[in-house]
Amino acid sequence: MFYREAGQFKASYAEDQALFPIRQDRIGFIALLVIAFAVVPGIASDYWLTAILIPFLIISLAALGLNILTGYAGQLSLGSAAFMAVGAFAAYNIELRLPWMPALASFALGGLAAALIGIAFGLPSLRIKGFYLAVATLAAQFFIPWLLTKVGWFSNYSPSGVITTQPVQIMGFVFDSPARKYLLVLAIAVVLALAAKNLVRSGIGRAWMAVRDMDVAAEVIGIPIVRTKLLAFAVSSFYCGVAGALYAFAYLGSVDPDGFNLDLSFRILFMIIIGGMGSILGSFLGAAFITLLPIFLDILLTEGALAFNLNLEAGVTSMAQLVVFGALIIFFLIVEPHGLARLWQIAKEKLRLWPFPY
């Protein structure tokens with residue numbers, strides 16, 4: 001009853017095209033932002049900020065980038081982690097060679113470098129698609145970390161290939177504490193998520209979805225296929241590049257090319273499958289599922305073993321955690337193959353009809 005749009009009339013085109021046309025959605029989004037910006041930094045411990053919330057936001061940003069490419073444009077890619085590596089090393093070298101460059105500009109330029117590389121590896125999409133394209137993008141996952149390791153210039157000739165990032169400083173303000181880094185990552189994630197939300201509602205987003213649904217029909221109605229596909233690769237890689245720069249500067253501080261491996265690319269792919277293809281919200285829900293659920297399962301299994309006085313070995317607990325985690329993934333995919341975002345959409349539709357079933 002409290003979630004209903006009855007009486008909310010739209011009197012202008014701007015109101016009709018609003019990002020959140022229902023008042024309750026606007027209030028909920030603003031309340032979520034207030035909690036995230038004002039409440040969480042005050043109550044969350046340094047462990048939660050550093051080990052959970054910051055990587056969750058960064059990996060959500062990478063999942064959002066892949067969701068733009070795969071969920072909206074229908075182009076499969078297995079090179080997300082490689083594009084993150086490009087963003088991380090590009091931002092590091094920009095800060096190293098141009099010390100006067102603001103950190104935000106370095107992150108953006110790192111994203112642009114990843115976008116250029118993404119366009120290069122997106123060229124096969126003009127001739128192949130589906131799993132063949134996924135295998136073609138897999139080349140980026142092997143080639144880019146190899147190049148970053150073999151060419152010493154990228155790591156400033158570090159013998160191990162590991163880079164240690166510079167302090168993040170914006171307009172004289174140093175982001176050196178977990179709370180400050182969390183606020184920086186959160187602000188960038190919110191801005192880029194809102195930009196993506198508007199982008200997919202624009203003509204570009206509609207062109208991506210037309211190409212995803214049937215590229216031949218899209219070409220017949222005048223959509224430039226080449227430009228549309230390459231733009232999707234560029235935007236997706238930009239998001240992954242910015243996520244990689246934040247991964248290096250705001251999360252780890254020291255990274256090596258092997259850290260951006262195929263396992264990370266698969267994790268990002270699983271996030272958008274579980275969260276929901278073609279959904280901005282699904283990228284964050286999927287990242288939360290993959291990032292937070294193993295932590296809760298570990299706590300639950302450990303506390304459950306203590307409550308029932310079970311003397312389980314550490315290996316058994318971690319193995320049970322993996323089994324339960326995998327079973328939950330299969331369960332969610334069977335119950336709702338369109339992901340967690342679809343479950344959230346169904347819940348909102350039920351609330352709009354409540355207390356009536358239909």
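Student: What makes helix α3 oblique to helix α8?
Tutor: The axes of α3 (residues 46-72) and α8 (residues 203-213) cross at roughly 50° and come within 8 Å. Angles under 35 degrees count as roughly parallel, over 145 as roughly antiparallel, 65 to 115 as roughly perpendicular and the rest as oblique, so α3 is oblique to α8. The axes are lines fitted to C-alpha atoms, for helices over the stretch in contact, with angles running from 0 to 180 degrees between N-to-C directions. Helices here are DSSP runs (H or I, at least four residues), numbered from the N terminus.

Tutor: A word on the source: this is a predicted model, where local features need pLDDT of at least 70, side-chain atom pairs count only at pLDDT 80 or more, and totals for chains, interfaces and linings use all residues. Residues are numbered from 1 along each chain as its sequence is written, and side-chain values use heavy atoms, with hydrogens and water left out.

Student: Which residues of α3 and α8 meet?
Tutor: From α3 come Ile68, Gly71 and Tyr72, and they meet Trp208, Met209 and Arg212 of α8. Contact means heavy atoms within 4.5 Å.

Student: How do you know whether Thr137 is buried or exposed?
Tutor: Its relative accessible area is 1%, so Thr137 counts as buried. Thr137 sits in helix α6 (residues 131-150), and a polar atom of its side chain lies 2.8 Å from the backbone oxygen of Ala134. Beyond its neighbours within four places in sequence, its contacts include Leu76, Phe121 and Phe233.

Student: What makes Trp153 and Phe154 an edge-to-face pair?
Tutor: Rings of Phe, Tyr and Trp (its six-membered ring) pair if their centres lie within 6.5 Å; planes under 30 degrees apart count as stacked, over 60 as edge-to-face and the rest as tilted. The structure holds nine aromatic pairs. In the pair of Trp153 and Phe154, the centres are 5.6 Å apart and the planes make 75°, so the pair is edge-to-face.

Student: And why are Trp153 and Phe154 called partly exposed?
Tutor: Trp153 has 38% relative accessibility and Phe154 has a relative accessible area of 23%, so both fall in the partly exposed range.

Key. Buried < 20%, exposed > 50% of the residue type's maximum accessible area, 1.4 Å probe, protein only. Helix = DSSP H or I, 4+ residues; strand = E, 2+ residues; numbered from the N terminus. Polar contact = N/O pair within 3.5 Å; in protein donor to acceptor, adjacent residues only side chain to side chain.
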